[in-house]
Every structure is written in structure tokens, then in C-alpha cells.
Amino acid sequence: MKSRAEELKNIIGQTFDLCVIGGGATGSACALDAQLRGIRTVLMEAGDYAGATSSAATKIIHGGVRYLEEAIKGADVQEYHVLVRALHERVRMLENAPHLTRKLEFLVPSYKWIDVAYLDIGLKIYDWLAGPGRISPSKFLSEEETLKRMPGLNQKGLVGGVAYADGQFDDARYNVTLVQSFTVAGGNAINYGRVTDFQRGADGKITGVVVKDQLTGAMFTVSVKAVVNATGPLSDSIRQLATPAVPRRMRPSKGAHILLPLDVFPTEDALLIPKTEDGRVLFAVPWCGRLLVGTTDEEVEAGAELLVTKSDIEYMLRHLNHYLARPVTPDDVVSGFAGARPLVGSGEEGGDTKKLARDDVIEVDAASGLISIMGGKWTTHRAMAEDTIHTVQGALGVTQTDSQTRNHVLYGGVGFTDDYWKQLCRDKAISEATAHHLASKFGTASGEVVALARENAALLEPIVAGYPAIQTEVVYAVRKEMAATIEDVLARRVGLQLYSWRAAIEAAPVVGSLMAAELQWSDGTTKAAIAGYVERINHLLDSAGLPRKRTSATAD
Ligand SMILES: Cc1cc2nc3c(=O)[nH]c(=O)nc-3n(C[C@H](O)[C@H](O)[C@H](O)COP(=O)(O)OP(=O)(O)OC[C@H]3O[C@@H](n4cnc5c(N)ncnc54)[C@H](O)[C@@H]3O)c2cc1C
């Protein structure tokens, strides 16, 4: 990726075949698919790449066991379609970004024999639907085998369990890597560039987008032949910007997650709790040295502030603790995050959001020509983009060509093997923990990250003691990944904000001063950026009902 300043020069006042609005999973995948088909594309993101829903997923690459039950019980063809497509797309995600994904076994412990039988049959159907996309066959586990794999389980009444395979991924890094891959393919992208209006021809069709640079306040325009609206939960705002009379379709639903120290429930497998009191499933998944627990489901207004609340934490722990030998308390929570599912309805129905299918919808607005891609899941982002760009080719009046993304290995994935980290340890002066961390975040591009320390060996120092991320990642994030704020670095590029809110607060001054040197921030700007970030994390702690962390940045 070029720097933001360079990229702005390449975009302002230019003409593109296609503008994709929204740099989440869906928009970034659309941009990559279009550019690889030779469509000159610009990607506009109002905040940071993955700054909204796409870094707030449970990080599971899955068909969805819950959707299987709903497809069968409700004889629901739409749910069946979502499930089968996602089962096949799992394999493409695993193969196209081997550094950011891994296979993961999920265990469903059972306390009644009837449940074991029910699950066993259901998961055999899951395997069968996956066909050649099956990761590994599901299997019954005895009580002893279940406890061997999850020694922290509540043993009282346990009869056994069922294990099945899905995948796990790093959502924020996967998203940034999609954008990186798009720019390598020749596309242009900008973050902190909000589309605020459209320009139109005499026939009312969109001919250009008006963009506000959120960092400077400057306005600029870009001429375009087609526009894709991939703004997730905010899709209605762009649909209504194009044609104010269109009815709303989005039914955003908040989902919260918390992270706990992994030693509260040591396991290499994921735990699936098959039924919560409101009829959902809950996951507890090992994730980057933590236990990631989620999620909730609560309808919200589009654009609402999404915070993990004290009651979200109580809800998740109440269900998790049924399954644990040693209960967890809210004080164990080290961080959390929440996002809004971009659920899409017909515009008329009410009722529970958990009953809305996770399918996607492509809509072409006849009046303006705007193409909106709404709904879907992370797991199906590539297939959604493939279908959307077919529609774009129709709108551009060009011959429909095949998508090139099915086997397109993303940036840092070429040449990656599971033991790539060993090479990093051998060739570069870094610890084993840092080598593992870099390999899982940057893949074979890790060498580029470490090479920046040739300018200054101190950049090989950790960002904060006790965590494997090193300072050179901050410089790389600014120069090569368009990070513009401390949160861009800590939440989405490095991941420290997920590991620990408190450690992220400690890291803020180091990250702030490294960014200041790169972006020529004044002392005042740097201090304000650090204090603002610390306040933001303390606000997250407040909402979660956890004590604030005081630092020199907050002392007065
Ligand atoms: C709690 C939760 C758990 C989930 N877990 C999983 C999971 O485990 N596996 C899975 O497959 N899926 C999961 N999902 C679903 C998945 O995360 C989403 O389907 C996906 O991230 C949606 O991506 P998106 O690009 O459509 O939306 P977003 O990521 O929200 O991206 C839309 C982007 O548009 C930008 N934008 C908005 N307005 C403008 C404008 N005017 N100009 C420019 N840009 C604009 C926004 O800033 C935003 O970045 C989960 C979702 C949630 C909420």
C-alpha cells in the first residue's frame, strides 16, 4: 500500500470505472475482485479498514451449525443456501490466506445421551453438505476423551461430546490484507475518506462521488462509471443518499465478545455451547493467547455506539460458567469488542433479528444505478464479491468474465508454511514469540516489517513489555498499511488492544511517539492523540463495569 498522502494524489479528480464505498470485508473483497478483472477501481473507506463490523467477528470460518438446525427444522431453503455456500468458501479462505487462518476443532460437550445422538447426526449432515470442502470428519468423544481435551469442563453429569472442524481467522488483518492485495493488483484505496454525496448525469445516474477527507476536512470529487455500496450496517444511508424514497432494508444487530486469560479454561479446541436461554449458540475459542467468548444478539439503530456492557458480560459468563469446573468472574475480563451484524430484511418484517438469515442481497437501484451488496458473513465475503462484480460488469456493459479471486493467494500468503516462523528466528534477531506473532500477522511479508529496523535497531524492541509485538510494526502500519490513529495500530494492525485493554493503555505513549515521527505530528497533536486513546479505552472499561486504568496521560 502507498502512503495516504501519495494515494490521495492518485485519486483526487481522477476517473475510475468503479468506486466501492466501504472498506470492510465486503467492500475490500469487491474492490479486489473488480481490479483483478481489469476494472479500474477506487475504494473509499470512511474510517479505518475493518474499523466497523469486520474486526468485530467471532473470527470463525464456518458454515454455521445453528443455521443447519434452522435449515432442517424450518425446511428453509435460504438458510440451506447460506450454509452450503459458506461451507465451500471455508476452504478458499484457508487456502488463500494460510498465514491468517487455521483449522480448528470445535467440541460440544453433552450432559444427556439424547443430545449426543442429536448432535452426532446433525454434524454428520454438516460434513456431508460440505462434500469436498469437508475439513475433517466430525466424531463422537467419550467422557474421558472430552475431558482430556478440555480439562476445565464441569464434569458433573458429563456423558461425552461431539467434535467437528471449522476454521478460525484474524478478521482485522485479513481485511487489511485484502486491501493490501487490491493495491498490489493496481487499485487505489483511501481510508478516512467518507462519501458524502453523488454527482449525477442528466438521466439521474451517478457519475461521480463527493468525498470528505475525515482527517483534514477537505472535500474532493472522483468521476466514476459505476458505484458499489458495501457499507454493511450503514447500507441504507448510502441507498437513501442515491434515492431518498427507497425503504430501509437493514436490521443491524449488536453482538458483543469478551476476552479472558486462556488459563481460566486451558484448551486448544473451541467450546460450543449449543443453546443459550434465548436460543442462540455461544462460543469460547482460544484466540492469540486468550479465550474469546461470544456472542450476544440485540437489535440496534444503524450507527449506534457499540460497547460491551456490564450486562453483556454477565450474560456471557452466566452461560459459560455452566460449563466450567471453576467459574469465571467479570474481574477476569481483559478486553472485549462489539459490532453490528449487517442483517438484511425485506423492509417490512419485524420480529427477532436472530431469525433473519445471514444471506446476502444484491440490489440495483434503477433510478441512480447504485449497486448495493447487503448482508452476508465474513466467510462468504469472496463469493459475495464475485456475484457483485458480475452485476457491475452488466452495469458497465462489458462482457462478463470469471472472478480471479477463487485461488488468489493474498499478500503475505505466497510461500507461507506452518513453520515459516522458524525461518524468521534463524534469519532475524527476534525471539521465538515475536517470530510466531509476526508470521501469524504478516506471513511471508514479515521480512519487510523486520527490515525497517535496519534504520534503527531499537525498533526491534517490544511495544510493551511482555507482549511479542515489536515497534517496527508501528512504523510498517503507518508507512505500508495507512494506519492514521493509535487505535488503527493497536486494535487492527497489531492486535494488542484485544489482548489487554490495560496493556494497550501502557503501549499508547510508545505508539504515539513512533507515529508522531512518521507523520510529523506536533507535540500538541501527539499528546492529544495519546490522551484521546487512553480516554477511549477507559470509556470501554467504564461500559464494561471494570475499573479505569490511571496513567501519566490521565493523571491530571
Ligand atoms: C458479533 C458478530 C460476530 C460475527 N462473527 C462472524 C464469524 O465468526 N464468522 C463470519 O463469517 N461472520 C461473522 N460475522 C459477520 C461478519 O463480521 C460481517 O458479515 C462482515 O464483517 C460485514 O462486513 P461489511 O464489509 O459488509 O461491513 P463493515 O465491516 O461494517 O464495513 C462497512 C464499511 O463501510 C464504511 N462506510 C460506511 N459509510 C461510508 C461512507 N459514507 N463512505 C465510505 N465508507 C463508509 C464503514 O466505515 C465500514 O468500515 C459476525 C458479525 C458480528 C457483528
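**Stop one: the ligand and its shell**

Select the ligand and bring up its neighbours: 37 residues surround it, with Thr26, Glu45, Ser54, Ile60 and Thr379 the closest. Keep in mind that you're looking at a predicted model. Now color that shell by residue type, and you'll get 16 nonpolar residues, 16 polar ones and five charged ones.

Show side chains and click on Thr53. An N or O atom in the Thr53 side chain sits 3.1 Å from an oxygen atom of the ligand. Next, switch to backbone atoms. At Thr58, a polar backbone atom is 3.0 Å from a ligand nitrogen. Move along to Ile60, where a backbone N or O atom lies 2.8 Å from a nitrogen atom of the ligand.

How much of the ligand does the protein bury? On its own the ligand exposes 1000 Å², and 95% of that is buried by the protein. To see which elements give two or more residues to the shell, highlight helix H2 (25–36) plus strands E8 (193–200), E11 (253–261) and E16 (335–341).

**Stop three: Val65**

Now select Val65, which is part of helix H3 (residues 65–73). Is Val65 buried or exposed? Its relative accessibility is 18%, so Val65 counts as buried, the cut-off being under 20%.

Methods
Residues numbered from 1 in each chain as written. Predicted model: local features only at pLDDT ≥ 70, side-chain atom pairs only at ≥ 80, totals over all residues. Heavy atoms only, no water. Near = heavy atom within 4 Å. Polar contact = N/O pair within 3.5 Å; in protein donor to acceptor, adjacent residues only side chain to side chain. Areas by Shrake-Rupley, 256 points an atom, 1.4 Å probe, with all protein chains shown as cover. Helix = DSSP H or I, 4+ residues; strand = E, 2+ residues; numbered from the N terminus. Nonpolar A, V, L, I, M, F, W, Y, C, P; charged D, E, K, R; others polar. Buried < 20%, exposed > 50% of the residue type's maximum accessible area, 1.4 Å probe, protein only.
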